[in-house]
Each structure stands twice: as C-alpha cells, then as structure tokens.
Amino acid sequence: MSIATASPPHTTGISSLHTDILETHVLTRLDGQTLASASCASATIHSMSERNHRLWSDVCHSTWPSTSGELVAGIISTFSEDYSNGPREFFSQSFPLPSPDPTTSTAIPSSSSSMESPPSRLISAVDVYYRNELIFTKTEETETVSGWFQCSPFRIDLLDPKDIIPTQIPHPDEEHTCSHLIDDMTLSWILIDPISKRAINLSSHKPVSVQRHWLSGEVQVRFASILPGGNHKHASEATAFVQCGIVVNCGGSEGGEMQVRELSMEVEDMDGKHLNGRDSLVILERTMKGKRGNGVKREEEARDRHNKFEEMKRERRERKLRVEETLDTLSVAFGLSVFAGLFFIFC
C-alpha cells in the first residue's frame, strides 16, 4: 500500500514576475528611500535599478525638481564613472543627514588643515513644499574664490530684496497659529561641489522653529543642520559645532496669503557669530566627504540635534556669564584693596 504525502505549497518570489512588470509598474512607483531599501533586499531589484538608466534619474527629479535643470542634471551624471550610477550616488549623498550625530562628541580636532584646491563655485539646489505641493524651486551658483567671499560672513541668498514669491498658505494672525507650518512645510537645500563630485543636504527637512514677529507680523521659518566644526586655523571652543541655518521669511499679502520674501543660508558658531566664507567652506567640504545616515526619522533626528546644539549654546553662555561675574568681583575686590592700602599709607 502506498502512502500519499502532501507536497509543500509552491511559493513564488518577486523574481518570478516579468521584468517589464517590475520595471514599469513596480519600481517606477517607489520613492528613493524605498527603492534603495528594496535594492538592498533583492538582487533582482538591485540589478534592474542598475540597468535602468532613467530610474534613479527620475527619482532625483521627482524628489527635488531643482535637479531637473540642464546644469544640475549634467553634474549629477558625473557623480559616477558609470553614467547610469550618477543619480543613484547623488541620491545616496543628498537624501540622509550627515552621520554620525556631531553633538555626541565634544572633542575639538587639534590639528589645523586647509583644503588644497577649494572649489571655485558651489551650486545650491533648493525646493520648498507646503503640504506636498511645490511652492518654490531654484538653483543658484555661488563663486567661492574671491576675497569678498573668503573674508565676509558666509551667506547665500536665493532671492533679491525686491523678489516676492506668492503662495496659497494662509498668513497666521497669531503666534499659536504658526504651529501648523512645523508639519506642513518642508525644505530641501542641497549644496553641490561640482569639482569633487560631492553633495550634501543641509536642511532639517522640516522646520526646527517657527516664529511670528509681534509687530510686523512677518513669519520666520527656520531649518537647520548641525555640523562638526574645528579643524581649521581659526578653530576655537565656540566652533566645536556649528549650525548651518536656513531662514525663510514670509510676509502677508492683501489677500491674506503668505509671501516668501527671503530665503537664505548662514553658518554660525555656538556664540551666535557668523563664520566667514573661508572657514565655512572648510567645514562644508569636510562634511561632504563624511558619512551619511540611513535617512530613517531624519526630521526627528535633525530636531534632536538642533535642541542639543541650543542647549550647548545656553550652557556656554551661562558659563561665560559666571566667569565674567567672577572677574568683576575680583576686580572690585582688588580695587578696594588698593584703595585701602593707599589710604593707610597716606593716613
């Protein structure tokens, strides 16, 4: 008598799908972070993403419309010797925050260094969204070799003083009504070095703070990225960590909507002093060469870094005040002792 055995159920994997279905109806629907994760988990998807020349290019353009212009798109293609891998390499550098968290280390590099060949220009690719709707996109070239740039405070302005960008965002009439911008507005500021073929996103993606001026009613939306400082000839304790701050200033229109009137980037140390172009460029270039995170919970991580930085600024300010108070007390005591000594001598 024969005994029948049950055969295991037939299982199919993603590799059993036709390549046209995967490439046309699956991979093209994934965002960059999901596509990167899928490529790491599946050799089939990894091979397809490498073979499809336009897949990562389309991901970059849909994530950051500012990269679709001829200038930036041409630079992105040079990020890898293989043309098809350029957009993927660009995405891996530009999507996550710099890693590791610089505020977890308190050491200041003691050696001073300078760049052998600083880039003659930097390119900013900026995109601003409100509730997933694009409200502003622009690319800006900044020359970095002039004496004016090297010695002046580092600042990149994307708008001229007379430029006004209209939006459909309701202008908040009270301070507490600004809170919705924390969740609804997102910003990406990618700084590109076209010479070394490196890029970094210096935005916290979502705002770290939103404030409304009590008199003018202007709303300041602030994004930030905390970077390790030091390691240059002007390094000090104040530059152990620096904040790359991005400010979006908005005013109100006659119709009650917000208008973007300023969009700028600056680099400041823990004393609130703005770094000049030379020192900022050293820090930015070194950060570009560093590692990147995985992009998971980047908004929460960016805000946590910002809060740590603000706490270190507060502690540093209080420590300086205590030192100054001690010096004032000693100065007064010394002056009184001198006065008393002279009094006894002449009396």
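Leaving aside neighbours within four places in sequence, S204 is in contact (heavy atoms within 4.5 Å) with F223, A224, E299 and A302. This is a predicted model, so local features need pLDDT of at least 70 and side-chain atom pairs count only at pLDDT 80 or more, while totals for chains, interfaces and linings use all residues. Residues are numbered from 1 along each chain as its sequence is written, and side-chain values use heavy atoms, with hydrogens and water left out.

**More on S204**
- S204 sits in the loop between β7 (198-201) and β8 (209-212); helices (H or I, at least four residues) and strands (E, at least two) are DSSP runs, numbered from the N terminus.
- The S204 side chain reaches the backbone oxygen of K206 at 2.7 Å.
- A polar atom of that S204 side chain also lies 3.2 Å from the backbone nitrogen of A224.

**The chain overall**
- The protein chain has ten helices and twelve strands.
- Of its 347 residues, 42% are buried.
- Take the contacts between residues at least 6 apart in sequence: 68% of them join residues at least 24 apart.

**Nonpolar cores**
- A nonpolar core here is a set of buried Ala, Val, Leu, Ile, Met, Phe, Trp, Tyr and Cys residues joined through side-chain atoms within 4.5 Å.
- The largest one has 41 residues, and L181, W189, L191 and L263 touch the most other members.
- Elements supplying at least two residues each to this core include β2 (121-130), β6 (185-193), β11 (257-268) and α9 (277-289).
- Apart from it lies another core, of 23 residues, with I75, F91, I123 and A199 among them.

**L191 up close**
- L191 lies in strand β6 and is buried, at a relative accessible area of 0%.
- Not counting residues up to four places away in sequence, L191 touches a list of residues that includes L122, I123, I156, A199, L284 and M288.
- L191 and V126 are 65 residues apart along the chain, yet their C-alpha atoms are separated by 8.7 Å.

**Pockets**
- On a 1 Å grid over the protein atoms alone, a pocket is an open set of points where a 1.4 Å probe fits, with protein on both sides within 12 Å along at least five of seven lines; lining residues have an atom within 4 Å of a point.
- The largest pocket has a volume of about 500 Å³ (the space filled by probe spheres set on the points, which are joined across faces, edges and corners).
- Of the 23 residues lining the largest pocket, T63, F95, N132, H205 and R298 are the closest to its centre.
- Two or more lining residues of the largest pocket come from each of α2 (32-41), α4 (55-63), β2, β6 and α10 (298-346).
- By class, the lining of the largest pocket has eight nonpolar, ten polar and five charged residues (Ala, Val, Leu, Ile, Met, Phe, Trp, Tyr, Cys and Pro count as nonpolar, Asp, Glu, Lys and Arg as charged, and the others, Gly among them, as polar).
- The second largest pocket comes in at about 270 Å³.
- A36, S37, W56, F91 and S92 lie nearest the centre of the second largest pocket, out of 15 lining residues.
- α2 gives the largest share of the second largest pocket's lining, with five residues.

How values were computed
Buried < 20%, exposed > 50% of the residue type's maximum accessible area, 1.4 Å probe, protein only. Polar contact = N/O pair within 3.5 Å; in protein donor to acceptor, adjacent residues only side chain to side chain.
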